[in-house]
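Let's take a walk through this one together. Have the sequence and the 3D view open as you read.

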2 protein chains.
Amino acid sequence: MRRTGRFSLIFDHAPRIETTGTIVGQAEAEGPLGQWFDIKSDDAFFMQNTWEQAEAVMQQTALRRALEKGSLDAGMLDMVFSGDLENQCIASSFGLKSFGVPFVGLYGACSTMAQALALGGLFVESGAAGRAAAVTSSHFSTAERQFRYPLEYGGQRPPTAQWTVTGAGAAVITADALCRNRNAPVIKGARFGVITELGIKDINNMGAAMAPAAAEAISGLLSDTGAKPGDFDLILTGDLGELGLVLVRRLLVDEGFPADGKIDDCGCMIYDNSKKKYGCGGSGCGCSASVWNSVIYAKLCGGELKNVLLAGTGALMSPISVFQGEVIPAIAHVVHLGRKSC
Amino acid sequence: MRRTGRFSLIFDHAPRIETTGTIVGQAEAEGPLGQWFDIKSDDAFFMQNTWEQAEAVMQQTALRRALEKGSLDAGMLDMVFSGDLENQCIASSFGLKSFGVPFVGLYGACSTMAQALALGGLFVESGAAGRAAAVTSSHFSTAERQFRYPLEYGGQRPPTAQWTVTGAGAAVITADALCRNRNAPVIKGARFGVITELGIKDINNMGAAMAPAAAEAISGLLSDTGAKPGDFDLILTGDLGELGLVLVRRLLVDEGFPADGKIDDCGCMIYDNSKKKYGCGGSGCGCSASVWNSVIYAKLCGGELKNVLLAGTGALMSPISVFQGEVIPAIAHVVHLGRKSC
């Protein structure tokens, strides 16, 4: 491992992403990426009694599916990194407690999958783990009642609001020498983000709150490494949504890294939003987790994508900080994925 | 860095803890460790308008004080690891957003200081960071209204309940070659814990919920490394409290690691509890953060302690999981501190 520039890390030993698993709800399954998800359920309770239990089962199922697809078992994992949006991250602790693997709980809001991939990559790169899992989730109904209103209230949403994805994703990061999937893409580097806020206080406009953090993270990694947007097949932000994506494009131009043809956002990809039912698009830890670990992973394995920047974005407020009139601090962590030979 | 046994890590490059800072409230200042804390306030609001703002300022102040004591500035930090008990960990994100340092948000409940020290140690050991900070906090009043009852309600507590510490602690972990404090103790190794639960559901008996996790973590590290309790000057758990300390002693005997004369608990040390005002003792992320980074750190620097195991313990439930009748999963992370020459 090498540090380059101010804050970026280059993983010379190229930890692999050996296998992934995803599970989503009905709206996500019916969206344009539906074919790529491993497990789809039209039961929002996932056969549980509460939405919170459902989200925990989604994390458990995503990791189990990843292990099955890789012909692995939990005893072959040395670490698991996990977090979610529920208070005290209970989807993670309840979902993963049965695996018997050392557990590092994270809170990065919707940036958690990027944070977990970066930490997992660093653990494997440094030899601290042979195999490490990264798992996150979100659930529309756990998020609505915690961050917004009871579903029964039927509250109206402004058009800048986003729709919390019901989804979970898991990735297993593996030392090259242990990795059984010889098509597995590698984590080439990572950059942990700096908390950024430009004064946005509107809880219904997360895209505006998070776009400056995404720009900080992407331009920071490009500056640190001397790369340009054109060096990548795709720069994929987590869940800025339609408005946030416009803003981050503009901010990157201002910072000297125009990325218009290269940048897209998971929140803009996951739903069929032709009728604007989903506001500005998807959000939640499960948004990037389900998109990256399905279609993006498959295209990296197949060679259709060779060099991808994932920029997970998170808004670090809580309902109580919003009630107290505070700004919305945001963060983005960047992970550079590629092919071994690149 | 080497892995030993199933899950333990040995840090051969001996990352140093270069400097620490602590800040506590009135009850903690009046306790038996009062003289060891850097900053003491009899204003529970720490000159802010809300308890949540107060807790954020405590984290900020603890890190600032650590930097001042080490003659460092924030630009010399490469990473900060932080978490707290508030929903969405807002004490951390609001407290540390002004430092401009890459931020990894954690959720480990009261184990967060151990988790942050272990991660910071690993980052410095592996070369991912030259200097990394670990910061956590808790505040009696933010915790009471979030986890229990409004203070004005004056709810009665059973004797097994614990008292959330109003305190914050920060530690700066530094590569040996960069470290200016030549008396600084080193992080010799760490072990991230496995989520453990033995069916405890009583929210007013966290000691019983967490003791099995502490035993898992301590016996796990001892098994992995071939060490015995007698090899250490002190094995210090985070905040099991009086009942939890009895239980972990018993569990360690059962697991073949009797540690009676060696083991103590920060929650039992921090208050003058002669009148049982504080139930079974202190708890919260700020409990181990303020005890370890004050008296324990000073005694390690001075050579009075030479070999210490810190076992941070956390209960990973939330109010909603408790309302839904779930068990209380717990975790403990262990950090091995010592002197460079040991």
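A bit of housekeeping comes before the tour. This is a predicted model, so local features need pLDDT of at least 70 and side-chain atom pairs count only at pLDDT 80 or more, while totals for chains, interfaces and linings use all residues. Residues are numbered from 1 along each chain as its sequence is written, and chains are lettered from A and ligands numbered from 1 in the order in which they are written.

Chain A has 10 helices and 15 strands; helices (H or I, at least four residues) and strands (E, at least two) are DSSP runs, numbered from the N terminus. Its radius of gyration is 18 Å, close to the 20 Å that the globule rule gives for 342 residues, so chain A is as compact as a globular protein of that length. That radius is taken over C-alpha atoms, and the rule is 2.2 Å times the number of residues to the power 0.38. Along the principal axes, the C-alpha atoms of chain A fill a box of roughly 55 × 50 × 35 Å. Of the 342 residues of chain A, 65% count as buried. Here, buried is 20 or more other C-beta atoms within 10 Å of a residue's own, exposed is 12 or fewer, and partly exposed is in between, with C-beta atoms placed from the backbone. Among contacts in chain A between residues at least 6 apart in sequence, 79% join residues at least 24 apart; two residues are in contact if their C-beta atoms, placed from the backbone, lie within 7 Å.

Now find helix H6 (residues 206-225) and helix H7 (residues 241-254) of chain A, whose axes come within 8 Å and cross at roughly 40 degrees. Axes are lines fitted to C-alpha atoms, for helices over the stretch in contact, and angles run from 0 to 180 degrees between N-to-C directions. That makes H6(A) oblique to H7(A), given that angles under 35 degrees count as roughly parallel, over 145 as roughly antiparallel, 65 to 115 as roughly perpendicular and the rest as oblique. Residues making this contact include Ala211(A) and Ile218(A) of H6(A), and Leu247(A) and Leu251(A) of H7(A).

For a loop residue, look at Ala184(A), between strand S9 (167-174) and strand S10 (186-191) of chain A. Is Ala184(A) buried or exposed? With 24 C-beta neighbours inside 10 Å, Ala184(A) counts as buried. Leaving aside neighbours within four places in sequence, Ala184(A) is in contact with Arg16(A), Ile17(A), Glu18(A), Cys179(A) and Cys301(A).

Over in chain B, the axes of H4(B) and helix H9 (residues 285-302) come within 7 Å and cross at roughly 55 degrees. That makes H4(B) oblique to H9(B). Thr112(B), Met113(B) and Ala114(B) of H4(B) make the contact with Cys285(B), Ser288(B), Ala289(B) and Trp292(B) of H9(B).

Finally, the contact between the chains takes 47 residues from chain B and 47 residues from chain A. On the side of chain B that touches chain A, elements that each supply at least two residues include strand S5 (79-83), helix H3 (90-96) and helix H4 (112-126). The largest share of that side, 4 residues, comes from H3(B).
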